[in-house]
Amino acid sequence: MKYYFILNPHSQTGKGRLIWKNQLLPCLKASHSHWKVFYTRYEGHCTQIVRQLTRSPSRPLTIVILGGDGTLNEAINGIEQFNNVTLGYIPTGSSNDFARGMKLTSDPLQTLHNILRQEHQVWLDYGEVQAPGKAPKRFIVSSGIGFDAYVTDEALTSPIKNVLNTVHLGKLTYALIALKKLITISLQPVRITVDDTYTLKFPRFYFASSHNLPFEGGGFKFSPNARPDDGKLEVCVIHGFFKFLIPILLPTAFFGLHKYFPGVTLFSCEKMTIRLAHPFPVHTDGETYHPQTRIKVWCNKGKIHFVY
């Protein structure tokens, strides 16, 4: 089997490049494995590399991503043919919600050894989002529409994130920007049709996040029961709160305790449709997907062969 490593050299303000150079590269050279490395140079580059590698794989190959949740999302969106393709991941980002949800070891060398030995293997689901007239977009951790998408969108370019990363507090980026966004967000009604069987209506809607794994935004456990191998998405809807109560709610979400508050609705589904009167931004694994008034979200069961 050949291993293709795709490295985001800028992940966690350059930490990814150092991990590769100082820890993983010497180990790979000593392993006598067949491997090749690609460096991402711009947004969307990882998707292009993965698309080329998986267009028609005639023999088994393993693609190992070194980066954060955003780089992993690009990889998921690049897979053309799932047959003969195995995915590995060595987290070097700041949020690492995928690694947290999968309970991956934080030791890059141990992760590499596990991947080379094909130590643990599982078939993972992934989610998909589509707006009318738009191509669908995949996600492996979570997707959201509304307040959480506002926050994750700003977090991508905020200087706050870089500052907090330097003191190893990058996961606080989401919380700080969330408090800022509370001032400007305008709430609106929402209709959510679940599995084509029933519809939920909420007059004061903040956001709905669809989860393949429990965490979002650097450790917020919005959907504690989410599992990546059950063929379903766990959905968290935040609604009805007065704005001054949100700063009280958010810290409890680090522990999954927000579910006990009125105004928090959790449910699982295979698919759903969300309808709004006015556009709200959308994200997939923290990556921006243009503001929409209507989206469909669904789960694709057991498509990704993952090794860790």
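A salt bridge is a side-chain nitrogen of Lys or Arg within 4 Å of a carboxyl oxygen of Asp or Glu. The model shown is predicted, so local features need pLDDT of at least 70 and side-chain atom pairs count only at pLDDT 80 or more, while totals for chains, interfaces and linings use all residues. Residues are numbered from 1 along each chain as its sequence is written, and side-chain values use heavy atoms, with hydrogens and water left out.

**View 1. E80 and R51 form a salt bridge.** The closest N and O atoms of E80 and R51 are 3.2 Å apart. The pair links distant parts of the chain, 29 residues apart: E80 sits in the loop between α3 and β4, R51 in helix α2. Helices (H or I, at least four residues) and strands (E, at least two) are DSSP runs, numbered from the N terminus. E80 is partly exposed, with a relative accessible area of 36%. R51 is partly exposed as well, at 29%. Buried means under 20% relative accessible area, exposed over 50%, and partly exposed in between (1.4 Å probe, protein chains only). A search of the whole structure finds five salt bridges.

**View 2. D196 forms a salt bridge with K271.** Here the closest N and O atoms lie 2.7 Å apart. The pair joins distant parts of the chain, 75 residues apart: D196 is in the loop between β8 (188-194) and β9 (198-211), and K271 is in strand β12 (residues 271-284). D196 is exposed, with a relative accessible area of 59%. K271 is partly exposed, at 39%.

**View 3. R227 and D229 form a salt bridge.** Their closest N and O atoms are 3.1 Å apart. R227 is partly exposed, with a relative accessible area of 46%. D229 is also partly exposed, at 32%.

**View 4. E234 is buried yet has no salt bridge.** E234 is found in strand β10 (residues 233-239). The nearest side chain of opposite charge, K232, is 8.4 Å away. Lys and Arg count as positive and Asp and Glu as negative; His and the chain ends are not counted. Leaving aside neighbours within four places in sequence, E234 is in contact (heavy atoms within 4.5 Å) with residues including S209, H211, N225, L266 and F267.

**View 5. Helices α2 (residues 45-54) and α3 (residues 69-78) pack together.** The angle is about 35°, with the axes 7 Å apart. Axes are lines fitted to C-alpha atoms, for helices over the stretch in contact, and angles run from 0 to 180 degrees between N-to-C directions. The crossing of α2 and α3 is right-handed. A crossing is left-handed if the near helix is turned anticlockwise from the far one by less than a right angle, and right-handed if clockwise. H45, C46, T47, V50, R51 and T54 of α2 meet T71, E74, A75, N77 and G78 of α3.

**View 6. Helix α5 (residues 108-116) has buried residues P108, T111, L112, N114, I115 and L116.** These buried residues pack against β1 (2-7), α1 (15-31), β3 (61-67), β4 (85-91) and β13 (287-307). α1 and α5 pack at an angle of about 30°, with their axes 10 Å apart. Their crossing is right-handed. I19, Q23, L24, C27, L28 and S31 of α1 make the contact with P108, L109, L112, H113 and L116 of α5. After α5 comes Q118, whose phi is positive, near 50°.
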